[in-house]
Amino acid sequence: MTDAMIEFRDVSKRYDSLLANDHLSLTIRRGELMTLLGPSGCGKTTALRCLTGYVRPDEGRVFIDGTDITDLPTHQRELGMVFQNFALFPHMTVQDNVGFPLMIRNLGKAERDERVAQALRLVRLEGYGAHYPRQLSGGQQQRVGLARALVYRPKVLLLDEPLSNLDAKLREEMRFEIKEVVTRLRITAVYVTHDQGEALALSDRVAIMNRGRLEQVGTPEEIYEHPQSRFVAEFIGLSNFLEGHVQSADRDTMVVSIGGVQVAAPALPNAGLGQRVLLFLRPNEVELLRPDVPGGTNVFDAHVEKATYLGDTIDYRLTFGQGLALRVQTDAQRRFGQGTEVRIRLPRIRCWAITSG
Amino acid sequence: MTLARAYLRAMWDAKLVLAFTLLLSLTMFILAPLLMIGLRSVGKGWFGRLWLPPQLTLDWYRWAIEVGNIPEVMKNTLIIGGIAVAVSTAIGIFAGWAFGRRQLPGKEVLMAIVLLPRMIPPITYGLGVAKIFYTLQLVDTYLGVAMAHVSVCAPYAILVLSATFEGLDERVLEAAGVCGANTIKRFFYVVLPLIMPGILASMIFSFTNSYNEFTLTLLTYGPHTVTLPVRTYLAVGDGYWEITSAMAMLMVVPSLVILTLIQRRAKPEKLVGGFKGV
Amino acid sequence: MTGLWRTHSSKLITLFLLLPALAGFFGLFFYPMLLTLILSFRPEGQTLGWTLENYTRFLSDPDGHWVMLLTFILALGATALSVLLSVPLALILREKGRGHRFYRLMVLIPLVVPGLIGALGLLLFWGPRGWFNLFLMQFVPFVNRPVAVDYTIHGLIMFYVWLYFPYTCITTLSSLESLDRSIEEAGEVSGATRWQVLRYIVLPLITPGILAGSVLTFMAAFGAFSVPLIAGGNYRPLAVEIYKQIAVPIPARWSAASAIAIVMGALQVIFLSLYMRFVRRAGGARGTGDLR
């Protein structure tokens, strides 16, 4: 039994002139919650639909638990799916909604009722069996959808932006519930969203997609702290980019010449001299110091162009070196006014190099 | 699996072929009768077991015009249609304005009442109309028949025009006022152009309804007010299919115009029932 | 007086605007119906007096029974066949395959063609020299003589279907298209085949729409006049019977005709209220997912 539960092998799908999935290859491990994250149109929903069978890929194969399911019709794939707009059957009670997959599988009434009760308990909706979907709130409806998706114990659970139709407060609550259920059942889950907060909070791994291609796959930490491309860095959180070229390098440090200053950064394994690199730094990783602080590696003079008070943080726009722009966020304890001169320190370890591109 | 189930299963699997067959049969089912009318109206010597007429001719149309009195019948039809359209449109504009722009309690109920004459077959109230007309000596008059037509034309006119007026954006009028236009200027430069398409649509619908109206005309007509539908009906009684077909072809023209208009614009659901989604 | 105007001017203007419509409605519909009602209780040919004999004569006469039965048979038959035709058709048309616009147009044609013309064309096509019989005689073995369709009951039912099935089809199609597709997707992912999705999910949800449409077809078929008039042969459904009462006997039997008309009108009103109820239920066939 391989570790890989779901595998996309070189999947491509084209709609007229649009390449929704471009040679997508991705493996999702047994028991993990993988999020497909990206802006709208990036192909994440198409990839999900290749899994359900609603979309047939033009090229490539899709595997679930080692079996090639690319040509298998939807109703034979044994997947569970939770929809953005809940997709509950409006003419059936909650009991019948959740029991529907069991009825299709010809389970006897007694066993059906038992399993439905179990599923409803799982999503904390015991006792709601006789209600109709229109009598339930959005959050409750989504939980019914979750129960229905899990009642027949599928191998894989798919979630297509399940929280987008809920209001913000409910979203956080439901996030925990979904994670809890998925973890408890140890089920493999594929989660599609455009909300990076959700992705970081829920996932074991995140696959960032852009224009039909995979940009990066990794844990939330890897994605956030070590993005491998400019797109990923920009998509998650706020970023600063400094572009320069390698001046010198040894085993663990390299010096990058950027706009008149030298910045020390962790060495890139294959960086040659003169190679263009993009250094990336989060605004809250830059240290803001008083101008009289002694200098050192990666300490530079900077000028405060703009300071915006945001309550718990202050957002600064600085310039340093030869017109290099930097965005810095610090807590509100120390404040530097607009137009003042300051010193900044870019911690060597936090400067992450992305090879240009 | 029983034979019946196997059969049904085979049908389901052959979905695509069946669907195609259904669509094709439907097209033939719908179009063939109309095609036959067309061919009959121009066919010469079409007897016995022939698929198509051996010769084409315009004799039947000529006969209809010269002997069948078609020019006078058309005159009647158009005059009556004109009166019916004028009256219905006037009713429609006033009532449409009320429905579309003014506060009206129980609007839905009122609209349902207005559409009632279209939901009930005209013969039910046509009897009463005929009786009244006999007393008022409106039988066999242009005005009389036209007024009878109004009962079927006005409801649709009101429907269309109330939608038109409802769609008239108050803010456009306000903007015109702010730009300096007085009431009269606003009416001619802003209101009129905006409602003109709706008025035209309602006039076309009303005219077609009057042109095609048979039942009420049958109850209120006389020798001076024979309209095309009635004339065609009488021709059926005479037994000459060819002449009847020629007249029927003349009758179909406005319907085809309506069809092309509908296809391009309105939602068919609005034509049906008239209650849901009014 | 001006005070009265000021407080009520808005309502008065609205009333004034509605006046032509109300006058038309009253004079051309409501009052005639009232007159028909009154006439139905008058002894034949008289202007005074009340009697029930028009109703009793019609309702007890076996001929009268036959007329009503015939009308119901024709209408029910046409409605049933319309549903059988419309549901698969709607399911096909909603997929928006190639040429679906053309077929939707086909469905609209019987609605815009006047009944008289439709009936004429149908008589020609299904008649002894029409294409249908030509086809049968040339291509189907054992058929050497034309099959009678015109002027028969089954023929008339089919003519009604031609004319009135679009009501059912359009309403059904509209109901189908308002269904949220993701509900069907959910059904399939849950393990239901397309057929099971159709049977357990789609059909129950569009049933109110189908019913609403079929009531419309039924009402149109029940009240059909011009078609049975020229294509009914010796068969006289209600509307034709009414007309025959005033067109054939001399002097015209207005009271008898009125009684039959009232009976028919009453039945139509009942059907109409059924329709309203179905329409209201059809509005509830939406998927969930709206934030409340």
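Biologist: How many residues of chain A are in contact with chain C?
Modeller: 26 residues of chain A are in contact with 21 residues of chain C, where contact means that the C-beta atoms of two residues, placed from the backbone, lie within 7 Å. This is a predicted model, where local features need pLDDT of at least 70 and side-chain atom pairs count only at pLDDT 80 or more, while totals for chains, interfaces and linings use all residues. Residues are numbered from 1 along each chain as its sequence is written, and chains are lettered from A and ligands numbered from 1 in the order in which they are written.

Biologist: Which elements are on the side of chain A that touches chain C?
Modeller: β6 (79–82), α2 (94–104) and α4 (138–150) of chain A each give at least two residues to that side. Helices (H or I, at least four residues) and strands (E, at least two) are DSSP runs, numbered from the N terminus.

Biologist: And what sort of residues are they?
Modeller: The side of chain A that touches chain C has 14 nonpolar, nine polar and three charged residues. Ala, Val, Leu, Ile, Met, Phe, Trp, Tyr, Cys and Pro count as nonpolar, Asp, Glu, Lys and Arg as charged, and the others, Gly among them, as polar.

Biologist: Which chains share the most contacts?
Modeller: Chains B and C do, out of the two pairs of chains in contact. Chain A and chain B have no contact joining them, and their closest C-alpha atoms lie 14 Å apart.

Biologist: OK, on to sheets. What's the strand order in the open sheet of chain A?
Modeller: That open sheet has four strands in the order β2-β1-β4-β5, with antiparallel pairing. Two strands pair if DSSP finds at least two bridges between them. At the edges are β2 (18–29) and β5 (67–68) of chain A, each pairing on one side only.

Biologist: How many bridges join β1 to β2 in chain A?
Modeller: Eight, between β1 (residues 4–15) and the antiparallel β2(A). For instance, A:E7 has A:T27 in β2(A) as its bridge partner.

Biologist: Which helix packs on that sheet?
Modeller: Helix α1 (residues 44–52) of chain A, which touches β1, β2 and β4 (59–64) of chain A. The direction of α1 makes about 115° with that of β1(A); axes are lines fitted to C-alpha atoms, for helices over the stretch in contact, and angles run from 0 to 180 degrees between N-to-C directions.

Biologist: What about strand β9 in chain A, is it mostly covered or mostly open?
Modeller: Mostly covered: five of the six residues of β9 (205–210) are buried. Four bridges join β9(A) to β3 (residues 33–37) of chain A in parallel, and A:L36 stands opposite A:A207 in β9(A). β9(A) also pairs antiparallel with β10 (residues 213–218) of chain A over five bridges. The hairpin of β9(A) and β10(A) has two residues between the strands, and there A:R211 takes a positive phi near 50°.

Biologist: Switching to chain B. At what angle do α11 and α12 of chain B cross?
Modeller: Roughly 160°, with the axes of α11 (residues 228–238) and α12 (residues 241–264) of chain B coming within 9 Å. That makes α11(B) roughly antiparallel to α12(B), a label for angles over 145 degrees, with under 35 counting as roughly parallel, 65 to 115 as roughly perpendicular and the rest as oblique.

Biologist: Is B:Q137 buried or exposed?
Modeller: Exposed, because B:Q137 has 9 other C-beta atoms within 10 Å.

Definitions and conventions: Buried ≥ 20, exposed ≤ 12 C-beta atoms within 10 Å, placed from the backbone.
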